[in-house]
Amino acid sequence: MTYNLNMTASGPAPTPATTLLTNLLAYVASTNPDYTANLPGTLIEDISSTDVGAMLMIDQAVVDLVSRVSPYAAPPFILAQMGAMFGIPQGQPTNTSVYVVFEGLPGFVVQQGFIVGDGTNQYVVQDGAIIGSSGLSQPVYCVANQAGSWAVPVNTVNQVITSVPSGYTLTVNNTSTGTTGTGAEQVNSYRSRIWQAWNKTGHGTPAYIKSLLEAILNPRLISIIQNGANWEVICGGGDPYAIAGAIYLGAMDINNFVGSATTARNITVSVTDAPNSYNITFVNPPQQTVTASVVWNTDLPNFTGSSAVNQLASVALVNYLNSIVVGQAINILQMQAIFQESVASILPQQYLSTLTFQIYINGVLTPPSAGTQLVTGDPESYFFCPATGVSVAQ
């Protein structure tokens, strides 16, 4: 007999008893066509009533089970299975934890889930890591794979439990003490973490890769732009192996990433996810020196705060220019608003009678693009303004 769950717009719902009875009688008739002629009606009714009662209980159990496959309502067992599916083990915030440093071949990838130990307890790597140019990884966060509280002294987590392919050497050590656990994680806490994880940016998206890069680089020096049917990762500063590792660990398909048409800007790093190696290319953004000349005036007679205006506006505008994300334009309208806000305590906006800007990129006067107030530079470069790079005068 085929069972069909009664699905509605708001989710699974119990099947009416009349429907279950109709389905039951139709199934019996399909296997025993003459049963009504050979059996008394009272016996048929007695058996069918008993069967439908059992079917109602089974149907309700199925509805309850399906309804509970959600972080909101799942019982502990199903919640643990959902967490395992998404790589969210219970106990991560409360189990004993420790930061370790791996040493090995530059470019070697240590995947999430890698296990290290101290001879008694084992710890699981929570985020992937890569060995940098120095032969060392950044400190990697690891959590014990069982609940409990114990001390983790320095230089005790020094065993590599997960096997490493032959031909590769990998060692590990904790250069700082671990954090003692606080006991088993409560179900409500675990439920909340799973729900939050479901709402995070999906793996393999530019936003996800950018979040990994922002953990190791200045965010303003990171940009992921579309290049034809592919993606171009622009990022400046930092260990090239760490950058390549973040791209590799965050990408779904590394073939989707290409370099700049200006090949001198491209950096290619070999990442080793043993036993295979992959070439990761990203773009190192050149620096563009930007300076500005600002002229302002006021209709206030006998105004005496000119030097303070010049100083406050200059500092604020330098900070703005040095915060622009790689590839983004300089916005004259935003510079006007920053000027007005920075000097508002000395010269309110309504008393400004003149405010003009001239922008120089690498020493060349660069006007805004036609029809806009945006001054654009090299789309793969970032701006740098010296501390004295903005001249403000009345």
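Colleague: Starting with Thr-372: which backbone nitrogen does the side chain of Thr-372 reach?
Modeller: The backbone nitrogen of Leu-374, at 3.1 Å. Such a polar contact is a pair of N or O atoms within 3.5 Å; within protein, one must be able to donate a hydrogen and the other to accept it, and residues adjacent in sequence count only if both atoms are side-chain atoms.

Colleague: What are we looking at, and how is it numbered?
Modeller: It's a predicted model: local features need pLDDT of at least 70 and side-chain atom pairs pLDDT 80 or more, while totals for chains, interfaces and linings use all residues. Residues are numbered from 1 along each chain as its sequence is written, and side-chain values use heavy atoms, with hydrogens and water left out.

Colleague: Back to Thr-372, which backbone oxygen does its side chain reach?
Modeller: That of Ser-369, at 2.9 Å.

Colleague: And where does Thr-372 sit?
Modeller: In the loop between β18 (364-365) and β19 (374-375). Strands here are DSSP runs of E, at least two residues, and helices are runs of H or I, at least four, numbered from the N terminus.

Colleague: Why is Thr-372 called partly exposed?
Modeller: Because its relative accessible area is 32%. Buried means under 20%, exposed over 50%, and partly exposed in between, with a 1.4 Å probe and protein chains only.

Colleague: How far is Thr-372 from Ile-332 in space?
Modeller: 9.1 Å, C-alpha to C-alpha, though they are 40 residues apart in sequence.

Colleague: Ile-332 is in the range of α9. At what angle do α8 and α9 cross?
Modeller: Roughly 140°, for α8 (residues 306-321) and α9 (residues 332-342), with the axes coming within 9 Å. Axes are lines fitted to C-alpha atoms, for helices over the stretch in contact, and angles run from 0 to 180 degrees between N-to-C directions.

Colleague: What does that make α8 relative to α9?
Modeller: Oblique. Under 35 degrees counts as roughly parallel, over 145 as roughly antiparallel, 65 to 115 as roughly perpendicular, and the rest as oblique.

Colleague: Which residues meet there?
Modeller: From α8, Val-309, Leu-312, Ala-313, Ala-316, Leu-317, Tyr-320 and Leu-321; from α9, Gln-334, Met-335, Ile-338, Phe-339 and Ser-342. Contact means heavy atoms within 4.5 Å.

Colleague: New topic: is Ala-246 buried or exposed?
Modeller: Buried, at 8% relative accessibility. Ala-246 is in α7 (residues 240-250). Leaving out residues up to four places away in sequence, Ala-246 touches Leu-212, Leu-213 and Ile-216. Its C-alpha is 6.0 Å from that of Leu-213, 33 residues apart along the chain.

Colleague: Strands next. How many bridges pair β13 with β14?
Modeller: Eight, in the antiparallel sense, between β13 (residues 266-273) and β14 (residues 276-283). Two strands pair if DSSP finds at least two bridges between them. They form a hairpin with two residues between them, and Val-271 stands opposite Tyr-278 in β14.

Colleague: What joins the side chains of Thr-272 and Ser-277?
Modeller: A polar contact of 3.5 Å. Thr-272 lies in β13 and counts as buried at 5% relative accessibility. Besides Ser-277, it touches Leu-105, Gly-107, Phe-108, Val-109 and Tyr-168, not counting residues up to four places away in sequence.

Colleague: Last one: in what order do the strands of the open sheet run?
Modeller: β9-β5-β6-β8-β3-β10, six strands with antiparallel pairing. The edges are β9 (159-160) and β10 (170-173), each pairing on one side only. Within that sheet, four bridges join β3 (residues 97-104) to β8 (residues 140-144), and the partner of Val-98 in β8 is Cys-142.
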